[in-house]
Amino acid sequence: MNPTDRKLRKLHVVTHGCQMNVYDSARMADVLRPLGYTTVNSPEEADMVIMNTCHIRERAEEKVFSNLGRLRVLKEEKGGEMMIAVTGCVAQAEGELITQRAPFVDLVVGPQAYHRLPELIAQAHRKQGAVIDTEFPAEQKFDHLPDTAAPQGVVSFLSIQEGCDKFCSFCVVPYTRGAEASRPVASVLAEARRMVAQGAKEIALLGQNVNAYHGEGPAGSTWSLTRLLAELSEIEGLERLRYTTSHPNDMDDELILAHRDNAKLMPFLHLPVQSGSDKILQAMNRKHKADAFRRIVDKLRNARPDIALSSDFIVGHPGETEADFQDTMKLVRETGFALAYSFKYSPRPGTPAAGLGQIPEDVKDSRLYELQAELRRQQDEFNAATVGLTTPVLFTSKGRHEGQIAGRSLWLNPVVVEHPTELTGEIHMVKITRSNPNSLIGTLISKEQIAA
Ligand code: SAH
Ligand code: SF4
Ligand code: F3S
């Protein structure tokens, strides 16, 4: 079979992990479309399955091998006529170990080599045995992806920065995604304009450390994230901007003030802090203290009083005592989060913390339970406080039930409104009437009602 002939081929992509993987999966489909691949919704229909994987916690990795087990059966049923590719962070971290454990895998491709997929697929068709590419090529993959991307919709994600130089004690990302690299300004602006032309009203900029962005601008200049956001906010038709994920140490005053000065920047920030204990923050190599996080939060709230905060937490990092954990609880109670993600520490091979004395599983369980109960309470409290507000909602789709439409608030909450016709892509004022654990319910307010 010659993959460069334009026979119709069916591609199924399974995505695990973070938004960056979601973005990458879409770009892989973009790269393969010119070769005749269309995407299908199940592996049963597919000639090629890409599993875009995540390595962040042990559970994520286990999922890869259990899913691969299912694909093996399917491939056998199809008499071997299905190509299986493993991409993403497990591919990068494990390379040929994957094909040792799962010899029916045809391709293993790391996150920096996606633009080479057509060539790698051709190789896999020619060769007996698997093709593995986990190089970090010097050229940036951003520059080699086609600009014929499929539209993402009203809310679009745009990757602007990749990799990480921070080496937190617990984290695999610096190893799986490589050194921090920022995409050049011109390339970001071109993709943003294309997204808006395709109907995007909201763009979320993505990066493992997105606020460390320092992209090459015109005439040898270097642009910060703040500068980039300012330029993006000039794009006509683009209504909302967000960025994720940020590190506290790159949260400079300029960026904090952008939340006051840039009208398109949404009042929501995901700022992982991981722990409230200075001792654990140091053990984690986060390079800041808990009070530094508190000061950033104060400044953000001064700049933009309605800003909603979100964060990530890890419980049970090696060395965490009950007192350390209570410092985290204290920080959470003092700060107040609209949303948060919390995890039990999971030792990852090759990371510094994995070699230290581990906290017993039952201790991690009870700390996670206590933390999540408080975070749940805060999220409910935040949602409840929106009841009675009249606030702009960007409508993104039909609702799940007939006669309903769905959108999102300034603070990322899904909002459901009864309305007979679709308003996708439009922003309307909505009076919030009820809050649910993960969504808000409201009624549409007409311009006349607002004027009155
Ligand atoms: N770049 C981002 C997020 C990286 S991964 C940042 O710097 O915050 C997303 C989250 O997964 C992290 O914020 C952390 O809370 C969690 N995480 C990462 N490694 C982990 C591990 N080994 N065990 C448990 N949680 C982990
Ligand atoms: Fe991982 Fe830390 Fe880098 Fe975030 S900053 S990706 S947690 S090493
Ligand atoms: Fe997972 Fe890689 Fe993202 S490890 S969280 S898919 S950067």
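Predicted model: local features only at pLDDT ≥ 70, side-chain atom pairs only at ≥ 80, totals over all residues.
**Helix α1**

Helices here are DSSP runs of H or I with at least four residues, and strands are runs of E with at least two, numbered from the N terminus. Eleven of the 14 residues of α1 are buried, so the helix is largely enclosed by the rest of the structure; buried means under 20% relative accessible area, exposed over 50%, and partly exposed in between, with a 1.4 Å probe and protein chains only. Among the buried residues are Met 20, Tyr 23, Arg 27 and Leu 32.

**The nonpolar cores**

Next, colour Ile 160, Ile 203, Leu 205, Leu 228, Tyr 243 and Met 251, which have the most contacts inside the largest nonpolar core, a group of 47 residues. Such a core is a set of buried Ala, Val, Leu, Ile, Met, Phe, Trp, Tyr and Cys residues joined through side-chain atoms within 4.5 Å. Helix α7 (residues 185–197) gives the most to this core, with six residues. Apart from this core lies another, of 21 residues, including Ile 50, Met 83, Leu 117 and Leu 120.

**Domains 2 and 3**

Now colour by the domain assignment, which gives domain 1 (9–133), domain 2 (141–385) and domain 3 (390–451); these bounds come from an automatic or database assignment. The C-alpha centres of domain 2 and domain 3 lie 27 Å apart, and 18 residues of domain 2 are in contact with 19 residues of domain 3, contact meaning heavy atoms within 4.5 Å. The area buried between these two domains is about 1400 Å², with carbon and sulfur atoms giving 59%; buried area is the accessible area (1.4 Å probe) that two parts lose on being put together, summed over both. On the domain 2 side, Val 154, Arg 240 and Asn 383 lose the most area to domain 3, together 38% of what that side buries.

**Salt bridges**

Between domain 2 and domain 3 the count is one salt bridge, a term for a side-chain nitrogen of Lys or Arg within 4 Å of a carboxyl oxygen of Asp or Glu. Select Glu 202 and Arg 408, whose side chains meet in a salt bridge at 3.7 Å, N to O. Glu 202 also pairs with Arg 242, the closest N and O atoms being 2.6 Å apart. Arg 242 lies in strand β13 (residues 240–244) and Glu 202 in strand β10 (residues 202–206), so the pair ties together parts that are 40 residues apart in sequence.

Finally, show Arg 348 and Glu 61, whose side chains meet in a salt bridge at 2.9 Å, N to O. This pair links distant parts of the chain, 287 residues apart, with Arg 348 in the loop between β16 (339–344) and α13 (361–385) and Glu 61 in helix α2 (residues 58–77).

Definitions and conventions. Residues numbered from 1 in each chain as written. Chains lettered and ligands numbered in written order. Heavy atoms only, no water.
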